[in-house]
Amino acid sequence: MNVFTVDHDLCRKDGICALVCPVHIIDAEPGAYPVLDKHKAVYCLGCGQCMAFCPTLACTAPGLEREDCRPLSAQDMPTPRQADELAFSRRSVRNFKDRTIPREELEDLLAAVRFAPTAKNTQNLRWILLDSRERVLQLAELVVAWMRELPRIDPELDEAMHAGGLVRAWDRGVDVITRTAPQLAVVVAPQWRWGQPDAVIAATYLELLAQARGIGCCWAGYLCMAFEHPAAQEVRDFLGIREGEMAFAAQMMGYPRFKAHARPPRKNAHITWK
């Protein structure tokens with residue numbers, strides 16, 4: 001039985017689906033309808049490449065539904081100049097307005113972030129959203145408590161991250177941990193080889209897509225250091241990190257208090273041609 005569905009009325013027998021399949025399990029002889037042997041279906045990643053690149057939307061991958069495959073809108077694609085300007089306009093936002101982003105807007109944003117690539121199309125990331133300044137502060141306080149212990153438990157890291165200065169700033173009422181952010185997004189992934197890069201890619205997608213929506217982000221580096229440190233179990237417990245997974249990336253989020261008006265220069269790209 002063929003587990004790969006092809007609409008013979010739409011299929012042009014061009015073999016594109018077989019050519020774009022990343023695991024090469026679709027057979028497409030010249031001038032014939034493509035097929036997928038049921039014994040090969042176990043290797044299907046469910047990535048939908050065959051469906052995405054079929055010009056007539058004629059095929060359906062195992063486990064996916066044809067009616068859920070939406071045509072792309074060419075008129076909504078940004079020009080290269082517009083895409084560049086989005087990247088140029090991105091700044092790390094550390095000054096936020098005192099109001100939260102509505103949940104429905106965050107849900108819409110994360111629905112778009114779902115399309116960030118994951119290794120082997122596992123799509124096994126989990127998001128933790130701290131939805132109020134109070135919750136963000138609770139997390140920051142736990143991170144500061146961890147930092148207070150670093151001179152005793154990990155003096156090398158304490159010196160490398162200047163934890164003492166960060167703690168003193170916190171005690172003066174200056175939040176250098178979460179920068180007064182009203183909300184915070186944490187990306188959680190399984191502890192496997194590709195968990196961290198998958199999470200970092202998703203957090204990067206989040207930052208750029210948020211920028212297009214007028215939402216400011218900033219990488220929460222001090223939090224990320226705590227997430228992975230053996231002595232910061234209270235931080236992981238607060239977030240509800242489960243056994244076998246890890247929080248690998250975090251973005252402080254909110255509406256920017258100020259607007260960027262210029263693009264400061266960057267170092268030239270360092271390119272080695274081979």
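The largest pocket in this predicted model has a volume of about 2,200 Å³. A pocket here is an open set of points on a 1 Å grid over the protein atoms alone, with protein on both sides within 12 Å along at least five of seven lines, and a volume is the space filled by probe spheres set on the points, which are joined across faces, edges and corners. Rolling a probe the size of a water molecule over the atoms shows where empty space is left.

The lining of the largest pocket is made of 48 residues, and L72, A112, R114, F115 and A116 are the ones that lie nearest its centre; a lining residue has an atom within 4 Å of a point. The elements that give two or more residues to this lining are α2 (49-53), α3 (80-89), α4 (103-113) and α8 (195-212), where a helix is a DSSP run of H or I with at least four residues, numbered from the N terminus. The second largest pocket has 20 lining residues, of which S89, R91, Q211, K259 and A260 lie nearest its centre, and the largest share of its lining, 3 residues, comes from α3.

| Pocket | Volume | Classes in the lining |
|---|---|---|
| Largest pocket | about 2,200 Å³ | 31 nonpolar, 8 polar and 9 charged residues |
| Second largest pocket | about 440 Å³ | 7 nonpolar, 7 polar and 6 charged residues |

Helices α3 and α8 pack at an angle of about 105°, with their axes 10 Å apart; axes are lines fitted to C-alpha atoms over the stretch in contact, and angles run from 0 to 180 degrees between N-to-C directions. That angle makes α3 roughly perpendicular to α8, a term that covers 65 to 115 degrees. In this packing, L86, A87 and S89 of α3 meet L208, Q211 and A212 of α8, with contact meaning heavy atoms within 4.5 Å, and by class the contact has 4 nonpolar, 2 polar and no charged residues.

Helix α8 also packs with α4, and here the axes come within 9 Å and cross at roughly 130°. The contact is made by L109, L110, A112 and V113 of α4 together with A202, Y205, L206, L209 and A210 of α8, and it has 9 nonpolar, no polar and no charged residues.

Helix α5 (residues 133-153) packs with helix α9 (residues 221-228) at an angle of about 65°, and their axes are 10 Å apart. The two helices are therefore roughly perpendicular to each other. From α5, the residues L139, V143, W146 and M147 meet Y222, L223, M225 and A226 from α9, and this contact has 8 nonpolar, no polar and no charged residues.

Residues are numbered from 1 along each chain as its sequence is written, and side-chain values use heavy atoms, with hydrogens and water left out. Because the model is predicted, local features need pLDDT of at least 70 and side-chain atom pairs count only at pLDDT 80 or more, whereas totals for chains, interfaces and linings use all residues.

Conventions:
1 Å grid on protein atoms, 1.4 Å probe; cavity = no way out; pocket = protein on both sides within 12 Å on 5 of 7 lines; lining within 4 Å. Nonpolar A, V, L, I, M, F, W, Y, C, P; charged D, E, K, R; others polar. Parallel < 35°, antiparallel > 145°, perpendicular 65-115°, else oblique.
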